[in-house]
Amino acid sequence: MPLIAVTYTYSTTTTDGRDTHRAAHRAWLADLLESKTLVSSGPYADGSGALLLVEGPDAATVQTLFAQDPFAVENLIESATFHEWTPVMGTFTS
């Protein structure tokens with residue numbers, strides 16, 4: 001199954017909301033990790049956003065799934081991109 005690179009961009013105006021909903025966001029991600037849908041995720045060190053690697057059939061399907069992220073439901077993501085990624089070397093190759 002392809003890997004989808006999901007990139008979130010955050011705004012400083014949503015910092016308080018993200019702090020409020022972070023536990024629900026991470027619980028939702030933990031469920032995806034347990035089901036082996038989420039491969040890895042984490043925020044950028046500068047707080048500007050996050051990168052999430054997801055196994056899914058295609059970017060459109062993952063985009064539909066990620067509309068359920070509590071951060072998305074609460075409109076705390078400035079923008080999100082979904083790109084199918086084909087690793088050719090390293091940890092994520094099969």
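Analyst: The largest pocket is lined by 16 residues. A pocket is an open set of points on a 1 Å grid over the protein atoms alone, where a 1.4 Å probe fits, with protein on both sides within 12 Å along at least five of seven lines; lining residues have an atom within 4 Å of a point. Nearest the pocket's centre lie Tyr10, His25, Arg26, Gly42 and Pro43.

This is a predicted model, so local features need pLDDT of at least 70 and side-chain atom pairs count only at pLDDT 80 or more, while totals for chains, interfaces and linings use all residues. Residues are numbered from 1 along each chain as its sequence is written, and side-chain values use heavy atoms, with hydrogens and water left out.

User: Which element gives the largest share of the lining of the largest pocket?

Analyst: Helices (H or I, at least four residues) and strands (E, at least two) are DSSP runs, numbered from the N terminus. Helix 1, strand 2 (38-43) and strand 3 each give two or more residues to the lining. The largest share, five residues, comes from helix 1.

User: Which residues have the most contacts inside the largest nonpolar core?

Analyst: A nonpolar core is a set of buried Ala, Val, Leu, Ile, Met, Phe, Trp, Tyr and Cys residues joined through side-chain atoms within 4.5 Å. Buried means under 20% relative accessible area, exposed over 50%, and partly exposed in between (1.4 Å probe, protein chains only). Strand 1 (3-9), helix 1 (15-34), strand 3 (49-55) and helix 2 (59-66) each supply at least two residues of this core. The core has 18 residues, and those with the most contacts inside it are Val6, Tyr8, Leu29, Leu52, Val62, Phe66 and Phe82.

User: What does Val62 touch, not counting residues up to four places away in sequence?

Analyst: Contact means heavy atoms within 4.5 Å. The buried residues of helix 2, Val62 among them, pack against strand 1, helix 1, strand 3, helix 3 (70-73) and strand 4 (79-85). Val62 itself touches Ile4, Val6, Val54, Gly56 and Phe82.

User: Is Lys36 buried or exposed?

Analyst: Lys36 lies in the loop between helix 1 and strand 2. Its phi is positive, about 65 degrees, although Lys36 is not a glycine. With a relative accessible area of 65%, Lys36 is exposed.

User: Where is Asn75, and what is its relative accessible area?

Analyst: Asn75 sits in the loop between helix 3 and strand 4. Asn75 has a positive phi of about 60 degrees, yet is not a glycine. Asn75 is exposed, and its relative accessible area is 64%.
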